[in-house]
Amino acid sequence: MSLGSVNILGVIKNRLIETIQHIEHTKNAIKSVRFRADRQEAIINTLNNILDAALNELLNEIKLLEVIENYFQSPSDIPEEKLVNVVKQVIEFRSKSITERIDYLLYIVNRIIKEECSSEIYSFVNYYWWYLIKQLNTSQTLSNNIRMPLFVIVKSAITGTVPLTELVEQILGFKCNFSYDLWIIECPLRAERYPLEWPIILHEVIHILHETMLNIVSRYYIRAPADTPEGRRYSHSLEYLCDFLATQLIGPIYPLRIKDFYFMGEYKISLTHPPWTERLKVLNEYFSELFQKIGYDVKSQIEVFLNEHYKPPEFTRPDRLEDILNEAVKMLNININVSFDVKELEYAIQRLSKFNPYTKDMTALFNAAYIITHIKGFDDEIKRYFEGNEQKLLSEFFYLISDCVRLCYVRHLFERFLSQDQ
Amino acid sequence: MEVNITMKSNVLRTTFEPDYLERFHLVLLAERIVADALTALLLINAGKEHPMINKTLRELRELREELTRSTEVGTPVSYVKYALRRILPEDGLPEMIRNLDQLIRLLDGSEKLDDKNVKYLVDYFMDITRKLGEKFKEERDLVLGISKYIGSYQK
């Protein structure tokens with residue numbers, strides 16, 4: 001009995017050809033997309049490279065099937081009866097493996113095409129991304145031949161990061177020479193209309209910065225699965241570092257959002273993450289001076305919360321955490337305890353509580369928005385105007401904040417342009 | 001989750017968040033390696049040459065190296081090894097390494113193969129991927145379920 005008589009190879013070949021058509025369709029879809037992400041052309045090229053790699057893999061697979069078909073055509077090559085089923089089993093398994101990998105890839109690429117976040121979220125992220133790059137340049141940490149990673153921010157049900165190019169090469173096994181690393185930032189859907197949720201995206205941005213440029217934690221701990229003591233020290237240090245740098249960038253709104261939205265007393269996110277109260281406690285230790293300086297009860301809000309909810313964690317803090325955080329401060333030449341401009345914050349609060357746009361400093365903008373909505377409240381005239389319709393008031397206010405984000409970023413771009421000109 | 005892998009091996013060097021994504025990716029990776037290894041085995045069994053055989057051999061040797069590496073404190077632990085420990089019985093890892101060794105010897109021609117060996121190895125490695133798939137079914141549902149969620153949201 002030849003393999004051909006059961007026509008399994010023909011069936012699988014047709015499936016693969018059909019999958020090629022899906023890839024071609026996705027390639028065509030990319031042509032008509034206008035990405036909101038920076039460096040659009042590089043992103044399109046990278047996505048095309050990824051899809052071409054998948055196409056090549058499929059074409060090679062079809063060739064391999066033809067080779068197998070030819071091998072088993074002459075009577076001398078027909079395997080023993082008992083092996084025929086084994087051969088069929090392997091070929092079917094093989095086809096399941098490749099089509100599943102390509103389906104997963106197409107799912108990811110289609111999400112990038114169709115589910116990008118708003119341009120305001122990009123304005124917010126890019127503002128801080130370029131600030132971090134500038135700081136790395138200033139402290140001469142960045143080498144000249146560094147490959148600046150690309151990233152796209154995609155609406156999601158989860159928060160996280162996926163290194164797409166590495167996934168394609170190392171997990172999916174599609175061979176490709178990428179000019180850039182492309183990362184996906186998974187951003188919760190609820191963030192689209194709620195700018196106060198955006199600071200948490202900075203945590204993800206710092207994951208990317210760390211993996212591609214900083215690489216601090218690996219100098220102190222070994223990368224390993226999080227259910228080993230070594231792995232836990234590594235992954236917990238990384239999480240503390242991302243929280244720490246996010247707070248260095250945007251100030252108290254980051255720990256305040258952890259308290260308001262993310263804290264859970266008992267439920268653990270995963271082995272890779274330390275408990276929220278411990279994360280908040282670390283931030284409070286490093287930034288209590290800043291919280292005090294800002295006023296508006298920020299310091300006491302966080303401390304009261306910690307007093308009520310803090311429980312010593314199951315796993316102690318990584319012993320080199322302080323060194324890791326200090327090294328990050330040095331590499332980025334960053335210290336918000338000193339640099340935070342309280343006068344600017346007051347000015348932003350004064351403008352925004354009257355619904356006047358504020359466009360100068362992104363960090364002042366976000367902290368002012370938090371303080372107005374959660375602590376201080378709006379100007380009386382504004383409250384009267386909305387006649388107690390708080391939902392409408394907040395909805396309009398967040399539209400205003402989104403517009404201010406865009407304008408802050410435009411201003412920042414203009415300043416960048418001017419500084420390059422000099 | 002962090003994984004310790006160099007560009008030479010099959011393991012990631014990077015971060016996937018949330019960590020269930022990583023376990024889902026591990027299943028995809030394991031299925032790919034097993035599919036290639038078993039195809040190469042069948043080709044060798046049929047007495048045929050193909051470039052994929054050498055590529056697969058290289059990949060399997062790296063995997064064996066990773067699985068036999070020391071796991072004492074201070075040495076890296078690979079995610080593949082960790083995942084295999086989760087699905088294998090207490091003495092399962094040595095058996096896995098033995099079978100991997102035999103597979104490599106059969107592929108590089110240092111051991112003569114027969115149909116019985118081929119069937120045993122195919123069954124063994126297919127069983128490993130089946131167990132991996134079952135163990136991480138929840139992860140697979142989580143990853144692929146998200147697509148359904150987003151689809152329904154847009155409708």
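Colleague: How much of chain A counts as buried?

Modeller: This is a predicted model, and in it 42% of the 422 residues of chain A count as buried.

Colleague: And what box do the C-alpha atoms fill?

Modeller: Taken along the principal axes, the C-alpha atoms of chain A fill a box of roughly 90 × 50 × 50 Å. As for the contacts with a separation of 6 or more, 77% of them in chain A are between residues 24 or more positions apart.

Colleague: Which domains is the chain divided into?

Modeller: Chain A is divided into domain 1, which covers 3-114, domain 2, which covers 219-337, and domain 3, which covers 342-421. The C-alpha centres of domain 1 and domain 3 of chain A lie 50 Å apart.

Colleague: How many helices and strands are there?

Modeller: Chain A has 16 helices and 3 strands.

Colleague: What order do the strands have in the sheet?

Modeller: The sheet of chain A is an open one of 3 strands, in the order E1-E3-E2, and its pairing is mixed. From one strand to the next, the twist averages 25 degrees.

Colleague: Which strands stand at the edges, and why is one side of each left without a neighbour?

Modeller: Those are E1 (150-156) and E2 (160-163) of chain A, and because each has a single partner strand, one side of each has no neighbour in the sheet.

Colleague: How do E2 and E3 run, and how many bridges join them?

Modeller: E2(A) and E3(A), the latter made of residues 182-188, run antiparallel and are joined by 4 bridges. Within E3(A), A:Ile184 is the residue that stands opposite A:Val162.

Colleague: Which helix lies across the sheet strands E1 and E3?

Modeller: That is helix H2 of chain A, residues 40-71, which lies across E1 and E3 of chain A and runs at about 80 degrees to E1(A).

Colleague: Switching to helix packing, how do H4 and H6 cross?

Modeller: The axes of H4 (residues 119-138) and H6 (residues 199-214) of chain A come within 11 Å and cross at roughly 35 degrees, and the crossing of H4(A) past H6(A) is right-handed.

Colleague: Which residues make that contact?

Modeller: From H4(A) the contact is made by A:Val125, A:Tyr128, A:Trp129, A:Leu132 and A:Leu136, while H6(A) contributes A:Ile201, A:Leu202, A:Val205, A:Leu209 and A:Met213.

Key: Residues are numbered from 1 along each chain as its sequence is written. Chains are lettered from A and ligands numbered from 1 in the order in which they are written. This is a predicted model: local features need pLDDT of at least 70, side-chain atom pairs count only at pLDDT 80 or more; totals for chains, interfaces and linings use all residues. Domain bounds come from an automatic or database domain assignment. Axes are lines fitted to C-alpha atoms, for helices over the stretch in contact, and angles run from 0 to 180 degrees between N-to-C directions. Helices (H or I, at least four residues) and strands (E, at least two) are DSSP runs, numbered from the N terminus. A crossing is left-handed if the near helix is turned anticlockwise from the far one by less than a right angle, and right-handed if clockwise. Two residues are in contact if their C-beta atoms, placed from the backbone, lie within 7 Å. Two strands pair if DSSP finds at least two bridges between them. A residue is buried if 20 or more other C-beta atoms lie within 10 Å of its own, exposed if 12 or fewer, and partly exposed in between; C-beta atoms are placed from the backbone.
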